Amino acid sequence: MRLLLPLVAIILLFSSCNEYQKVLKSEDVKVKYDLAERKYNEGDFKRANRLFEQIAPKYAGKPQGERVMFFFADSYFQIGDYYLSGYQFERFVKSYPNSDKIQQASFLGAKSYYELSPRYSLDQTDTDKALSKLQAFINTYPDSEYFDEANKMAAELTTKKERKQFEIAKQFDKLGEFDFYVLISAITALDNFITENPGSIYREDAFYYKLKSSTNLALNSTPNRKKERLDDAVAAYNALKRSYPETKYAKEADDLYKKLMNEMQDFSK
């Protein structure tokens, strides 16, 4: 019996492969449709996709076209080909705006671009597209069963974009250790980040790095610019303490403030 079971499995697998290859080469669209749907329901999405790819144009404009096009798009999603699933779900939404699958298709189309979103340090074009699609879905279907998941994904992508913007600004601060004039760019970038991202998890960090950049710039300024830049750095310190009274950077910020106050003494004489 132990030898028989694997043998039966091999025979069934061979038979299934043989049937699939035969149907793939067939000119009978109905036979392909039936096997494609069967493979889809069995979870064999790769084979289902090949078959749907062949028959989708044949069903365009026909009653079964809506069903075929949805399964075609979803089979791409299930096999992880997110570029094509995003594209096909977009086509489905445009072609069948009154479909009872419209919410699911809109959500899966947006999720396809979410899956394509790269790590924060890379180009964020796909992240922008995913956010646009997710926001459109959230605005259009506030009562959808997918609403919470869409919100969660949108928040994750927003944080990713914020991190990229913050890391760029922080890099200016780091480069400013070797070229003090770069600190001007760091301060500008951090200012923009604080203004544009009021709810960001990196906002406190941005306030601190603005203080750090402002202090280093002030301490290394020429005499004719020093007083003005010391004042700006003190203002950056006050902004951090005002926005985050219990800041995690309290010790570092206070140490910078002491340096500023020491330099300020030269202007109070």
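This is a predicted model: local features need pLDDT of at least 70, side-chain atom pairs count only at pLDDT 80 or more; totals for chains, interfaces and linings use all residues.

The points below are grouped by topic.

**Helix 3 and its surroundings**
- The buried residues of helix 3 are Phe 45, Ala 48, Asn 49, Leu 51, Phe 52, Ile 55 and Tyr 59.
- After helix 3 comes Gly 61, which has a positive phi, near 80 degrees.

- In soluble globular proteins, nonpolar side chains tend to be buried together.
- The largest nonpolar core here consists of 43 residues, and the residues with the most contacts inside it are Tyr 40, Leu 51, Phe 52, Phe 70, Phe 89, Phe 107 and Leu 134.
- Two or more residues of this core come from each of helix 1 (4-24), helix 2 (29-42), helix 3 (45-59), helix 4 (65-78), helix 5 (82-95), helix 6 (102-116), helix 7 and helix 8 (147-175).
- Another core, of 25 residues, lies apart from the largest one; Ala 189, Ile 194, Tyr 209 and Ala 239 are among its members.
- Leaving aside residues up to four places away in sequence, Phe 70 touches Tyr 40, Phe 89, Phe 92, Lys 101, Gln 104 and Ala 105.

**Packing of helix 2 and helix 4**
- Two packed helices are described by the angle between their axes and the distance between the axes.
- The axes of helix 2 and helix 4 cross at roughly 45 degrees and come within 11 Å.
- Helix 2 and helix 4 are therefore oblique to each other.
- The crossing in which helix 2 passes helix 4 is left-handed.
- Helix 2 makes the contact through Tyr 33, Glu 37 and Tyr 40, while helix 4 contributes Arg 67, Val 68, Phe 70, Phe 71, Asp 74 and Ser 75.

**Lys 111 in helix 6**
- Lys 111, a residue of helix 6, counts as buried because its relative accessibility is 17%, under the 20% limit.
- Not counting residues up to four places away in sequence, the contacts of Lys 111 are Phe 77, Glu 149 and Met 153.

**Ser 132 in helix 7**
- Ser 132 belongs to helix 7, which spans residues 125-140.
- With a relative accessible area of 48%, Ser 132 is partly exposed.
- Ser 132 and Ala 154 are separated by 22 residues in sequence and by 9.0 Å in space, C-alpha to C-alpha.

Key
Residues are numbered from 1 along each chain as its sequence is written. Side-chain values use heavy atoms; hydrogens and water are left out. Helices (H or I, at least four residues) and strands (E, at least two) are DSSP runs, numbered from the N terminus. Buried means under 20% relative accessible area, exposed over 50%, partly exposed in between (1.4 Å probe, protein chains only). A nonpolar core is a set of buried Ala, Val, Leu, Ile, Met, Phe, Trp, Tyr and Cys residues joined through side-chain atoms within 4.5 Å. Contact means heavy atoms within 4.5 Å. Axes are lines fitted to C-alpha atoms, for helices over the stretch in contact, and angles run from 0 to 180 degrees between N-to-C directions. Angles under 35 degrees count as roughly parallel, over 145 as roughly antiparallel, 65 to 115 as roughly perpendicular and the rest as oblique. A crossing is left-handed if the near helix is turned anticlockwise from the far one by less than a right angle, and right-handed if clockwise.
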